[in-house]
Amino acid sequence: MSEQTVEQKYAPGTHPSLPPPVADRGAIKWVRENLFSSPTNIVLTLLSIYLLYAIIPPLVDWMLINSVFDAGSRNECWEKGSGACWAIVVVRFDQFVYGFYPEEERWRVILAFLLLIAALVPILYDKTPFRKLGLVFSGVYPIIAYFLLWGGLGLAHVESAKFGGFMLTLTIGVTGIVASLPLGILLALGRRSDLLILRVICVCFIEFIRGVPLITLLFVASTLLNYFLPPGTYFDLLLRVLIMVTLFSAAYIAEVVRGGLQAIPKGQTEAAQALGLSYWKNMGLIILPQALKISIPGIVNTFIGLYKDTTLVVIIGLLDPIGLSQAVLADSKWQGLSTEIYVFIALFFFVSCFAMSRYSIYLEKKLETGHKR
Amino acid sequence: MAAVDYQQQPGVKLSELWVDKRSRGVIIQIIALILLLLFIGFIVNNTINNLKLLGVETGYGFLNEPSNYDINQRPIEYSSRSSHGRAALVGILNTAIVAGAGIVLATILGFVAGVLRLSGNWLISRLVYVWVELTRNVPLLLQILLWHGIIVHSLPRPQEALSPADGFFLSNRGFSVPSPQFEPGFWAVVIALGVAVAGAIWFAGYAKRVQEQTGKHYPVFTINLALVVGLPLIVFMAMGVPLTLDWPELRGFNFRGGVTVRPEFMALWLALSFYTAAFISENVRAGIQAVSHGQTEASYALGLRPNWTMRLVILPQALRVIIPPLISQYLNLTKNSSLAIAVGYMDIVATIGGISLNQTGRALECMSIVLGLYLAFSLFISTVMNWYNKRVALVER
């Protein structure tokens with residue numbers, strides 16, 4: 001009865017809107033629409049929940065609750081807890097980071113790493129204060145890093161055979177990324193050039209590199225390069241690897257950039273020519289800025305691929321984290337703990353690669369000018 | 001007003017050659033060619049000198065010499081007395097097996113994951129997203145080693161093998177399954193299968209013609225499925241079941257009989273498949289999203305049911321976007337199978353490019369074989385791809 005009296009208070013058409021039914025708003029609506037909208041969806045949801053239940057608790061248990069961080073050997077670990085034995089990572093942490101870099105010189109690696117961050121900031125964020133000055137620093141950073149890591153200018157010389165662990169990964173990764181981008185752009189321009197011979201050379205190079213796995217190229221670097229150089233030439237193994245990794249990813253970047261170049265309408269070049277711009281001005285001011293913008297996702301993917309591929313150097317005997325883990329696992333005190341070590345290394349790669357891919361998405365959004373066709 | 005005479009200077013100054021675009025192009029190309037030839041000459045000259053200095057014989061004759069090493073996973077007859085050439089062949093077959101098996105599993109997983117990623121179900125789409133990101137951002141080599149470690153260290157010994165079904169044993173020595181032993185009558189079944197496939201293709205074409213002319217629609221898929229499965233099955237029964245199974249049995253410390261899929265193969269296969277599937281799922285997602293929503297709406301407006309819309313309208317258009325990157329993922333998978341060497345699976349790089357190379361010291365010859373094989377395969381695939389792209393490309397303007 002009371003409801004009727006309430007309704008009668010309003011003139012027709014002036015009743016304020018009522019809230020939607022309970023099942024059609026808030027969390028319940030969301031759950032109904034996103035988890036239980038159809039029989040198939042109900043099955044999928046229940047399956048996912050079961051999967052989560054089957055995976056997450058044992059994983060947390062293994063990784064955190066029952067894991068052991070402080071132990072002197074594998075057996076001690078297993079006595080203390082049934083979970084992961086992170087003690088092996090704790091005990092060998094320095095080795096995983098620096099490889100066999102001399103202990104008293106390790107401050108140089110840390111300094112080089114900090115300076116790397118300082119050099120990256122002005123490149124990655126255009127709102128950095130004093131950005132121009134910062135970019136100059138970024139430009140000279142490779143030289144500084146070279147002297148810091150390998151020695152010279154009063155610093156003790158360190159052989160590259162002593163490089164290892166994550167610092168080796170970073171050295172190869174950063175050098176490869178920095179060197180392969182300009183080379184890749186030049187190769188892409190060569191492939192699109194009107195000059196026949198130049199074009200043929202670039203096409204052959206790109207197709208050859210892209211046609212074979214990186215491992216075989218690294219094998220070539222480690223076994224064949226001695227044949228190709230004048231007798232008696234000594235060539236640092238790390239340097240060979242750096243060259244091969246750079247050439248490898250340059251070929252892939254060339255293809256990505258070529259895709260970007262092809263997407264730019266011919267009218268842009270024609271307009272630039274009509275304005276009297278030379279080839280290099282046309283490319284540098286008109287075509288490349290647009291082409292590179294389109295190619296960002298592909299370029300960053302190539303960088304991520306290169307970064308992950310740095311692990312392959314273990315196969316020709318360099319001591320990257322995986323190479324070190326083989327050595328650590330050979331120690332009878334720690335045998336059989338491969339899963340812990342591999343998960344630890346995987347975490348490192350996941351964090352760096354995921355950060356790179358996130359940055360690429362951010363950059364894409366920032367450069368989006370709304371001209372998307 | 002007198003016209004300017006552009007021909008007034010008969011001689012061409014050298015500096016003008018650089019100003020003129022065409023002649024400059026010619027000059028640049030000549031310089032590039034000379035540099036390239038000098039570079040090649042330098043390398044060839046060095047190689048000849050080095051080979052002379054080392055006193056190594058060259059040539060591919062060693063391929064006929066006995067290899068003196070064993071290969072544990074061999075699809076064809078091979079022993080340590082077989083030649084290096086035979087070892088290379090075993091390696092090629094092993095690469096082909098793991099690449100083929102990987103492509104099949106990666107495609108299935110990738111398509112399922114790609115579709116689930118777009119599902120309206122929030123939970124499953126998030127789960128797939130997490131899996132894709134985890135898999136894509138961890139180096140493949142690490143994943144192979146991780147799988148290998150799990151199989152070798154976490155699975156039980158053969159004596160306590162897990163047995164998901166009768167005759168199937170999962171242990172740290174691999175996965176043992178019954179192997180089929182074909183009897184002479186089996187060829188009839190193979191012929192029946194061939195006839196059934198041919199019949200199915202003809203029927204599909206016939207049904208399409210009929211539908212185009214009269215609008216009458218046959219249930220092509222059901223009939224063809226019955227044909228392809230049913231005919232060989234009937235012949236199989238009629239020939240008196242010409243197939244026996246060789247069951248694996250535990251003898252001592254290992255399994256005898258049947259076929260055992262070794263841990264190295266399993267680790268490589270699973271890691272390759274999951275890794276590539278993560279990339280394929282992103283391609284599939286992008287492909288489906290590339291088909292504009294208007295297509296779905298238009299097809300609903302025409303009265304097509306959702307599964308018909310997917311099959312007849314969305315998928316054909318999505319496949320045009322999906323297939324080129326899909327093929328390049330297949331190519332990547334094949335090239336990535338060279339990581340086999342990390343777990344000791346004897347593929348082409350591990351046999352001829354690894355052990356044979358170390359035993360004979362013929363680095364130049366062995367590496368040229370490996371590089372040549374990969375290169376030939378890649379170029380073949382990319383030629384097919386270019387042909388396919390030209391065929392399916394949208395014709396514009």
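This is a predicted model: local features need pLDDT of at least 70, side-chain atom pairs count only at pLDDT 80 or more; totals for chains, interfaces and linings use all residues.
**Ground rules.** I number residues from 1 along each chain as its sequence is written, and letter chains from A in the order in which they are written. Local features need pLDDT of at least 70, side-chain atom pairs count only at pLDDT 80 or more, and totals for chains, interfaces and linings use all residues.

**Entry: the chain contact.** I looked up where the two chains meet. In total, 46 residues of chain A are in contact with 49 residues of chain B. Contact here means C-beta atoms, placed from the backbone, within 7 Å. On the chain A side, α3 (39-65), α10 (196-211), α11 (214-228) and α16 (338-367) each give two or more residues. Helices are DSSP runs of H or I with at least four residues, strands are runs of E with at least two, and both are numbered from the N terminus. That side of chain A has 29 nonpolar, 13 polar and 4 charged residues. Nonpolar covers Ala, Val, Leu, Ile, Met, Phe, Trp, Tyr, Cys and Pro; charged covers Asp, Glu, Lys and Arg; the others, Gly among them, are polar.

**Entry: the core.** Next I looked up the largest nonpolar core, which has 147 residues. Such a core is a set of buried Ala, Val, Leu, Ile, Met, Phe, Trp, Tyr and Cys residues joined through C-beta atoms within 7 Å. Buried means 20 or more other C-beta atoms within 10 Å, exposed means 12 or fewer, and partly exposed lies in between; the C-beta atoms are placed from the backbone. Which members touch the most others? They are A:Leu218, B:Ile144, B:Leu268, B:Ala271 and B:Val370. Helix α8 (residues 263-290) of chain B gives the most to this core, 16 residues. Domain 1 (20-87) and domain 2 (93-101 + 158-367) of chain A both contribute, so the core lies between them. I also listed the contacts of B:Ile144, leaving out residues up to four places away in sequence. B:Ile144 touches B:Ala267, B:Leu268, B:Ala271, B:Leu339, B:Ala342 and B:Val343.

**Entry: the domains of chain A.** The bounds come from an automatic or database domain assignment. The centres of domain 1 and domain 2 of chain A, taken over C-alpha atoms, are 37 Å apart. Their contact takes 5 residues from domain 1 and 6 residues from domain 2. The domain 1 side divides into 3 nonpolar, 1 polar and 1 charged.

**Entry: the sheet in chain B.** I found an open sheet of 4 strands, ordered β1-β2-β3-β8, with antiparallel pairing. Strands pair if DSSP finds at least two bridges between them. Strands β1 (162-165) and β8 (259-261) stand at the edges with a single partner each, so one side of each has no neighbour in the sheet. β1(B) and β2(B) are joined by 2 bridges, and B:Leu162 stands opposite B:Leu170. Their hairpin has 2 residues between the strands, and B:Gly167 in the turn has a positive phi of about 90°. β2 (residues 168-171) and β3 (residues 174-177) of chain B pair over 3 bridges. B:Phe169 has B:Ser176 as its bridge partner. Which face of β2(B) is covered? The covered face holds B:Phe169 and B:Ser171, while B:Phe168 and B:Leu170 are on the uncovered one.

Entry: Most residues other than glycine have a negative phi. A:Phe130 is not a glycine, yet its phi is positive, about 55°. A:Phe130 lies in the loop between α7 (106-124) and α8 (131-150) of chain A. Is A:Phe130 buried or exposed? A:Phe130 is exposed, with 10 other C-beta atoms within 10 Å.

Technical notes:
Two residues are in contact if their C-beta atoms, placed from the backbone, lie within 7 Å.
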